[in-house]
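Please examine the sequence and structure shown here.

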Amino acid sequence: MSNSFDPIVTGRLTLRRLESGDSEKVFGYRSMPEVTRYQSWEPESAAEISCFIEGLKAIGPDTPGEWYQLGIVLNETGELTGDCGIRVSSADPSQAEVGITVSPPFQRRGLGAEALTAVLDVLFARLGKHRVYGSVDPRNTASLALLRRVGMRQEAHFVESLRFKGEWADDVICAMLRREWSERKGARR
Ligand SMILES: CC(C)(COP(=O)(O)OP(=O)(O)OC[C@H]1O[C@@H](n2cnc3c(N)ncnc32)[C@H](O)[C@@H]1OP(=O)(O)O)[C@@H](O)C(=O)NCCC(=O)NCCS
């Protein structure tokens with residue numbers, strides 16, 4: 001299995017491997033309460049992020065069971081504006097989960113949708129996945145809107161199925177199949 005990753009370039013963004021020099025920046029937005037509210041990863045220091053980034057060198061986007069995190073960089077300025085994670089299922093490597101974070105000053109400009117659309121293209125076209133899904137707390141309205149915006153379908157709403165940050169939380173699953181992605185691509189042409 002290859003650990004190499006060719007960056008993805010879109011109109012405004014480049015999605016590339018996170019590098020050790022990104023850790024302070026990633027810690028900057030990943031330690032904001034509004035960013036961590038619905039995320040299980042709450043890094044305590046830039047050093048913890050640096051360690052995580054170092055660990056990414058041993059894996060690739062198609063490594064089952066591991067979160068592979070890409071940096072989302074603004075082409076115009078070279079600034080890191082967020083990160084997007086891919087986790088291929090170890091039970092069935094033809095399926096993958098995605099997660100995304102956009103730094104608050106860059107939110108609501110369509111960057112999350114642009115990045116996630118590109119990641120879906122890679123997962124279906126480059127890595128040949130059958131199904132890609134996202135798991136979201138329904139109180140996270142921004143995340144739910146984003147998953148719907150990129151064309152995912154809501155397929156489950158589990159009620160108080162997760163013990164999360166000291167309380168029971170609902171879990172909504174949104175997904176897209178390869179054939180739905182193909183139809184959507186066809187419709188956009
Ligand atoms: C979820 C998140 C990545 C969205 O990123 P973004 O770049 O702001 O998203 P976009 O600008 O591409 O918007 C995508 C859709 O979400 C909607 N949206 C974005 N922020 C929203 C908000 N705060 N409230 C309601 N809807 C919102 C947009 O209106 C758009 O929907 P539309 O096309 O129907 O109008 C961002 O809010 C974030 O990083 N949140 C914190 C981390 C997190 O919880 N991540 C999800 C865990 S998987």
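**Reading the ligand site**

The shell around the ligand consists of 8 nonpolar, 9 polar and 3 charged residues. The model is a predicted one.

Q: Which residues come nearest to the ligand?

A: A residue is counted as near when one of its heavy atoms lies within 4 Å of the molecule. Here 20 residues are around the ligand, and Ile100, Val102, Arg108, Gly110 and Arg149 come nearest.

Q: Which polar backbone atom lies 2.8 Å from an oxygen atom of the ligand?

A: A polar contact is a pair of N or O atoms within 3.5 Å. The backbone atom at 2.8 Å belongs to valine 102. A polar backbone atom of glycine 112 is 2.9 Å from a ligand oxygen, and for a backbone N or O atom of alanine 113 the distance to a ligand oxygen is 2.9 Å. Of the 930 Å² of accessible area that the ligand has on its own, the protein covers 76%.

Q: What space does the ligand take?

A: The ligand takes the space of the largest pocket, in which about 1400 Å³ of space lies. Its lining comprises 45 residues; Gln39, Ile100, Thr101, Asn140 and Ser143 lie nearest the centre of the pocket. By class, 20 of the lining residues are nonpolar, 13 polar and 12 charged.

Q: Which elements give two or more residues to the shell around the ligand?

A: These are strand S5 (95-102), helix H4 (111-126) and helix H5 (141-149). H5 provides the largest share of the shell, 6 residues. H5 also provides the largest share of the lining of the largest pocket, 7 residues.

Definitions and conventions
Residues are numbered from 1 along each chain as its sequence is written. This is a predicted model: local features need pLDDT of at least 70, side-chain atom pairs count only at pLDDT 80 or more; totals for chains, interfaces and linings use all residues. Side-chain values use heavy atoms; hydrogens and water are left out. A polar contact is a pair of N or O atoms within 3.5 Å; within protein, one must be able to donate a hydrogen and the other to accept it, and residues adjacent in sequence count only if both atoms are side-chain atoms. Accessible areas come from the Shrake-Rupley method with a 1.4 Å probe; for residues, only the protein chains shown count as cover. On a 1 Å grid over the protein atoms alone, a cavity is a set of points where a 1.4 Å probe fits but cannot get out, and a pocket is an open set with protein on both sides within 12 Å along at least five of seven lines; lining residues have an atom within 4 Å of a point. A molecule sits in a cavity or pocket if more than half of its atoms lie within 2 Å of its grid points. Helices (H or I, at least four residues) and strands (E, at least two) are DSSP runs, numbered from the N terminus. Ala, Val, Leu, Ile, Met, Phe, Trp, Tyr, Cys and Pro count as nonpolar, Asp, Glu, Lys and Arg as charged, and the others, Gly among them, as polar. Grid points are joined across faces, edges and corners, and a volume is the space filled by probe spheres set on the points.
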